[in-house]
Amino acid sequence: QVQLVESGGGLVQAGGSLRLSCAASATGFSIIVMGWHRQAPGKQRELVAIITSGGSTNYADSVKGRFTISRDNAKNTVYLRMNSLKPEDTAVYYCHVNAATGFRMYDYWGQGTQVTVSS
């Protein structure tokens, strides 16, 4: 099993910054991809950013240039630095991990952390 612990959400004014963290406990697993998704009220969950074990990244168009994803492989931790936040960034942010053990791969999700951006 992989357990994810998220932190860093909160309330911020538009234009402000936040940093989310997600630490994975993954004994016996190799963490392949780590990422963040978000879900706003009444909307579907959407990808925000992902990062591979090799450091390749991908971002949603809506956050490019404002958000930066990074990871510390030694700590199995992924970070999301969010700058120039907008009210439309308000959502519950979920950490996602794709992990492998043996020849099988599994997806794990964090409990979610609320990010609220006031105008």
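The accessible surface of the protein amounts to about 6300 Å², of which 48% belongs to carbon and sulfur atoms (areas from the Shrake-Rupley method with a 1.4 Å probe). The model is a predicted one, in which local features need pLDDT of at least 70 and side-chain atom pairs count only at pLDDT 80 or more, whereas totals for chains, interfaces and linings use all residues. Residues are numbered from 1 along each chain as its sequence is written, and side-chain values use heavy atoms, with hydrogens and water left out.

Of the 119 residues of the protein, 45% count as buried, a term that denotes under 20% relative accessible area (1.4 Å probe, protein chains only). Among contacts between residues at least 6 apart in sequence, 55% join residues at least 24 apart, contact being defined as heavy atoms within 4.5 Å.

The secondary structure comprises zero helices and eleven strands, where helices (H or I, at least four residues) and strands (E, at least two) are DSSP runs numbered from the N terminus. Four strands form an open sheet in the order 1-3-8-7 with antiparallel pairing, two strands being paired if DSSP finds at least two bridges between them. The edge strands, each pairing on one side only, are strand 1 (3–7) and strand 7 (67–72). Strand 7 pairs with strand 8 (residues 77–82) in the antiparallel sense over six bridges, and the bridge partner of Phe67 in strand 8 is Met82.

His37, found in strand 4 (residues 30–39), is buried, with a relative accessible area of 14%. Beyond residues up to four places away in sequence, His37 touches Arg45, Glu46, Leu47, Val48, Val92, Tyr93, Tyr94, His96 and Trp109.

Terms used: Buried < 20%, exposed > 50% of the residue type's maximum accessible area, 1.4 Å probe, protein only.
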